[in-house]
Amino acid sequence: MIVKKMLGFLLALSLLLSTSAALATTYYVNVGLRSDLNVRDKASYDSNVIGHLFKNDTVDVKATNDGWAKISYNGKTAYVRSSYLSKSRISGGNGSSSFPKLRLGSTSASVKTLQRSLNKILGTKLTISGRFDKATKAAVKEFQEAYNLKVDGVVGSKTWAKIIELR
């Protein structure tokens, strides 16, 4: 009788643990405004980058192991470093005023962020070079026109604010 009760208890406990492990926990991406978090196809720095997440994007974490979080990204299993995730939203507003004005010829990490954001929002395939080239300017103009902004190919505070809102 005691053995049956113990087996029943262990079975119930294993079901409870497996059910709670299957439930995902929502986290926020905790990176700087001018940064992004690489999403990888395997839990390794050597694996392929399949996408990018930005400050305060949300992810559902299925499991963590050795500093990596297993997530779902565009319907696929993917991995991010768990140290860049937080259970609470990161304060600081959208921060568009902290971004520099960018134009043809600009070179910086902010240009890389711009290029990644435009690729994500518009579906363009800009090279992530950190150099504001003619292709980047054309994509900025396309973005500005699509979102009823002043179409000048220069990324100022209004263009940044819209990019941050959409990314």
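The model is predicted: local features need pLDDT of at least 70, side-chain atom pairs count only at pLDDT 80 or more, and totals for chains, interfaces and linings use all residues. Residues are numbered from 1 along each chain as its sequence is written, and side-chain values use heavy atoms, with hydrogens and water left out. The chain holds four helices and seven strands. Helices (H or I, at least four residues) and strands (E, at least two) are DSSP runs, numbered from the N terminus.

**Overall layout**

- From the N terminus, the elements run α-β-β-β-β-β-β-β-α-α-α.
- The chain has 167 residues, and 36% of them count as buried. Buried means under 20% relative accessible area, exposed means over 50%, and partly exposed lies in between (1.4 Å probe, protein chains only).
- Among contacts with a separation of 6 or more, 49% link residues 24 or more positions apart. A contact means heavy atoms within 4.5 Å.

**Strand pairing**

- Strand β1 (residues 25–29) runs antiparallel to strand β4 (residues 58–65), and four bridges join them. Two strands pair if DSSP finds at least two bridges between them.
- T25 has V61 as its bridge partner in β4. Y27 stands opposite V59 in β4.
- β1 also pairs with strand β7 (residues 85–86), in the antiparallel sense, over two bridges. There, V29 is the bridge partner of L85.
- β4 is joined to strand β5 (residues 68–73) by four bridges, again antiparallel. N65 pairs with W68 in β5.
- β4 and β5 form a hairpin with two residues between them. In that turn, D66 has a positive phi of about 50 degrees.

**Nonpolar cores**

- Which residues have the most contacts inside the largest nonpolar core? They are L102, L114, L118, F132, V140, V155 and W160, in a core of 15 residues.
- Helices α2 (109–122), α3 (134–146) and α4 (157–166) each supply at least two residues of this core.
- Another core, of 14 residues, lies apart from it and includes L37, L53, V61 and A78.
- A nonpolar core is a set of buried Ala, Val, Leu, Ile, Met, Phe, Trp, Tyr and Cys residues joined through side-chain atoms within 4.5 Å.
- In soluble globular proteins, nonpolar side chains tend to be buried together.

**Helix α2**

- The 14 residues of α2 should span 20 Å at 1.5 Å a residue, and the end C-alpha atoms are 20 Å apart, which agrees. The expected span is 1.5 Å times one less than the number of residues.
- Its buried residues are S110, V111, T113, L114, Q115, R116, S117, L118 and N119. What covers them includes β3, α3 and α4.
- At the start of α2, a side-chain oxygen of S108 reaches to within 3.2 Å of the backbone nitrogen of S110.
- G123 follows α2 and has a positive phi, near 80 degrees.

**Helix α4**

- T159, W160, I163 and I164 are the buried residues of α4. Seen down the helix axis, they fall within an arc of 130 degrees, so they line one face of α4. The arc is that of the directions from the helix axis to the C-beta atoms.
- K158 and E165 are exposed, on the other side of α4.
- The cover over the buried residues of α4 includes α2 and α3.

**S47 and V49**

- Is S47 buried or exposed? S47 is buried, with a relative accessible area of 12%.
- S47 sits in the loop between β2 (37–40) and β3 (49–53). Not counting residues up to four places away in sequence, S47 touches R40, D41 and K42.
- V49 lies in strand β3. V49 is partly exposed, at a relative accessible area of 37%.
- Leaving aside neighbours within four places in sequence, V49 is in contact with N38, V39 and R40.
- V49 and Y79 are 30 residues apart in sequence, and 9.5 Å apart in space, C-alpha to C-alpha.

Terms used: A polar contact is a pair of N or O atoms within 3.5 Å; within protein, one must be able to donate a hydrogen and the other to accept it, and residues adjacent in sequence count only if both atoms are side-chain atoms.
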